[in-house]
Amino acid sequence: QLELVESGGGLVQPGGSLRLSCAAPEFTLENYAIGWFRQAPGKGREEVSCINFAHSTIYYADNVKGRFTISTDAAKSAVYLQMNSLKPEDTAVYYCAPTCSMAVAEKYDQWGQGTQVTVSS
(Lines give C-alpha, C1' and ligand atoms only; values in the text may rest on other atoms or scores of the structure.)
Protein backbone atom coordinates (compact mmCIF):
# COMPACT_ATOMS: atom_id res chain seq x y z
CA GLN A 1 0.00 0.00 0.00
CA LEU A 2 1.33 3.39 -0.97
CA GLU A 3 2.49 5.37 2.02
CA LEU A 4 3.67 8.92 1.47
CA VAL A 5 6.12 10.73 3.71
CA GLU A 6 6.34 14.50 3.80
CA SER A 7 9.41 16.50 4.81
CA GLY A 8 11.08 19.86 4.38
CA GLY A 9 8.93 22.18 6.45
CA GLY A 10 10.22 24.72 8.90
CA LEU A 11 10.14 28.28 10.13
CA VAL A 12 10.82 30.96 7.54
CA GLN A 13 10.41 34.71 7.37
CA PRO A 14 7.91 36.30 5.01
CA GLY A 15 9.36 36.37 1.53
CA GLY A 16 11.45 33.31 2.19
CA SER A 17 11.48 29.92 0.52
CA LEU A 18 11.11 26.27 1.43
CA ARG A 19 11.17 23.06 -0.55
CA LEU A 20 8.88 20.27 0.56
CA SER A 21 9.32 16.65 -0.41
CA CYS A 22 6.79 13.87 -0.74
CA ALA A 23 8.29 10.43 -1.09
CA ALA A 24 7.09 6.86 -1.13
CA PRO A 25 9.88 4.50 -0.11
CA GLU A 26 10.17 1.56 -2.51
CA PHE A 27 7.54 3.00 -4.89
CA THR A 28 7.78 5.00 -8.04
CA LEU A 29 5.14 7.66 -8.23
CA GLU A 30 4.74 7.74 -12.01
CA ASN A 31 1.52 5.72 -11.85
CA TYR A 32 -0.13 8.17 -9.49
CA ALA A 33 -1.41 11.67 -9.27
CA ILE A 34 0.20 13.36 -6.28
CA GLY A 35 -1.42 16.34 -4.64
CA TRP A 36 -0.15 18.73 -2.02
CA PHE A 37 -2.72 19.83 0.53
CA ARG A 38 -2.48 22.05 3.57
CA GLN A 39 -4.43 22.68 6.72
CA ALA A 40 -4.06 25.84 8.74
CA PRO A 41 -5.13 26.02 12.39
CA GLY A 42 -8.89 26.22 12.65
CA LYS A 43 -9.40 25.79 8.91
CA GLY A 44 -10.29 22.97 6.60
CA ARG A 45 -7.85 21.18 4.37
CA GLU A 46 -7.27 22.82 1.01
CA GLU A 47 -5.56 21.65 -2.14
CA VAL A 48 -2.45 23.61 -3.01
CA SER A 49 -1.01 21.88 -6.05
CA CYS A 50 -1.10 18.61 -7.89
CA ILE A 51 0.79 16.74 -10.56
CA ASN A 52 -0.90 14.05 -12.60
CA PHE A 53 1.72 11.94 -14.32
CA ALA A 54 -0.74 9.96 -16.44
CA HIS A 55 -2.27 13.10 -17.95
CA SER A 56 0.86 15.27 -17.74
CA THR A 57 -1.10 17.99 -16.00
CA ILE A 58 -0.27 20.31 -13.15
CA TYR A 59 -2.63 22.27 -10.96
CA TYR A 60 -2.05 25.24 -8.68
CA ALA A 61 -4.52 26.93 -6.39
CA ASP A 62 -5.01 30.58 -7.29
CA ASN A 63 -3.47 31.77 -4.04
CA VAL A 64 -0.14 30.06 -4.76
CA LYS A 65 0.17 30.52 -8.52
CA GLY A 66 3.43 32.17 -9.46
CA ARG A 67 4.95 31.41 -6.05
CA PHE A 68 4.84 27.62 -5.74
CA THR A 69 6.21 25.06 -8.19
CA ILE A 70 5.51 21.34 -8.15
CA SER A 71 8.06 19.00 -9.67
CA THR A 72 9.50 15.53 -9.60
CA ASP A 73 12.87 13.92 -10.12
CA ALA A 74 13.97 11.81 -13.07
CA ALA A 75 13.11 8.58 -11.28
CA LYS A 76 9.74 9.94 -10.14
CA SER A 77 10.62 8.75 -6.68
CA ALA A 78 9.47 11.96 -5.02
CA VAL A 79 7.34 14.99 -5.67
CA TYR A 80 8.58 18.37 -4.55
CA LEU A 81 6.86 21.63 -3.77
CA GLN A 82 9.12 24.64 -4.12
CA MET A 83 7.56 27.49 -2.21
CA ASN A 84 8.86 31.00 -2.82
CA SER A 85 7.71 34.42 -1.63
CA LEU A 86 6.09 32.80 1.36
CA LYS A 87 3.42 34.71 3.23
CA PRO A 88 2.13 34.34 6.79
CA GLU A 89 -1.11 32.95 5.35
CA ASP A 90 0.88 30.02 3.94
CA THR A 91 1.40 28.82 7.50
CA ALA A 92 -0.10 25.34 7.75
CA VAL A 93 0.65 21.67 7.99
CA TYR A 94 1.35 20.43 4.48
CA TYR A 95 0.39 16.93 3.39
CA CYS A 96 0.63 14.96 0.20
CA ALA A 97 -1.82 12.36 -1.03
CA PRO A 98 -2.17 10.16 -4.12
CA THR A 99 -4.94 12.19 -5.69
CA CYS A 100 -5.61 15.48 -7.43
CA SER A 101 -9.26 15.44 -6.38
CA MET A 102 -10.34 17.31 -3.29
CA ALA A 103 -13.42 15.09 -3.18
CA VAL A 104 -11.23 11.99 -3.06
CA ALA A 105 -8.90 13.63 -0.57
CA GLU A 106 -11.78 14.27 1.82
CA LYS A 107 -12.34 10.51 1.97
CA TYR A 108 -8.66 9.60 2.10
CA ASP A 109 -7.72 7.99 5.40
CA GLN A 110 -3.98 7.38 4.92
CA TRP A 111 -2.75 10.88 5.67
CA GLY A 112 0.78 11.04 6.97
CA GLN A 113 2.03 13.30 9.72
CA GLY A 114 2.55 16.16 7.33
CA THR A 115 5.23 18.80 7.60
CA GLN A 116 4.75 22.08 9.42
CA VAL A 117 5.40 25.30 7.55
CA THR A 118 5.45 28.46 9.63
CA VAL A 119 5.92 31.85 8.00
CA SER A 120 6.61 34.49 10.59
CA SER A 121 8.95 37.34 11.32
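**Disulfides and sheets of the predicted model**

At a relative accessibility of 2%, C96 counts as buried, where buried stands for under 20% relative accessible area, exposed for over 50%, and partly exposed for what lies in between (1.4 Å probe, protein chains only). The model is a predicted one, in which local features need pLDDT of at least 70 and side-chain atom pairs count only at pLDDT 80 or more, whereas totals for chains, interfaces and linings use all residues. Residues are numbered from 1 along each chain as its sequence is written, and side-chain values rest on heavy atoms, with hydrogens and water left out.

The partner of C96 is C22, to which a disulfide joins it with an S to S distance of 2.1 Å; a disulfide is taken as a pair of cysteine sulfur atoms within 2.5 Å. The link of C22 and C96 is right-handed, with 85° about the S-S bond. It connects distant parts of the chain, since C22 belongs to strand 3 (residues 18-23) and C96 to strand 9 (residues 92-97), 74 residues apart. Helices (H or I, at least four residues) and strands (E, at least two) are DSSP runs, numbered from the N terminus. C22 is also buried, its relative accessible area being 0%.

A disulfide also joins C50 to C100, with 1.6 Å from S to S. The link of C50 and C100 is left-handed, at -85° about the S-S bond. C50 lies in strand 5, while C100 lies in the loop between strand 9 and helix 1 (102-107), so the pair ties together parts that are 50 residues apart in sequence. C50 is buried, at 0% relative accessible area, whereas C100 counts as partly exposed, at 27% relative accessibility. The count by this rule is two disulfides, and with bonded cysteines counted along the chain they follow the pattern 1-3, 2-4.

Strands of a sheet pair through backbone hydrogen bonds, in either a parallel or an antiparallel arrangement. Two strands are treated as paired if DSSP finds at least two bridges between them.

Six strands make up an open sheet of mixed pairing, in the order 2-10-9-4-5-6. Strand 2 (10-12) and strand 6 (57-60) stand at its edges, each with a single partner strand, so one side of each is left without a neighbour in the sheet. From one strand to the next, the twist averages 25°, with axes given by lines fitted to C-alpha atoms (for helices over the stretch in contact) and angles running from 0 to 180 degrees between N-to-C directions. Strand 5 (residues 45-52) and strand 6 run antiparallel and are joined by four bridges. Here I51 stands opposite I58 of strand 6.

Four strands form an open sheet with antiparallel pairing, in the order 1-3-8-7. The edges are held by strand 1 (5-7) and strand 7 (68-72), each with a single partner strand, so one side of each is left without a neighbour in the sheet. On average, neighbouring strands of this sheet are turned by 15° against each other, direction ignored. Strand 3 pairs with strand 8 (residues 78-83) in the antiparallel sense, over six bridges. M83 in strand 8 is the bridge partner of L18.

S21 has its place in strand 3. S21 is buried, with a relative accessible area of 19%. Leaving aside residues up to four places away in sequence, S21 touches V5, E6, S7, W36, V79 and Y80, contact meaning heavy atoms within 4.5 Å.

The C-alpha trace spans about 40 × 30 × 25 Å along its principal axes. Of the 121 residues, 43% count as buried. Among contacts between residues at least 6 apart in sequence, 57% join residues at least 24 apart. The accessible surface comes to about 6400 Å², of which 48% belongs to carbon and sulfur atoms; accessible areas come from the Shrake-Rupley method with a 1.4 Å probe, and for residues only the protein chains shown count as cover.
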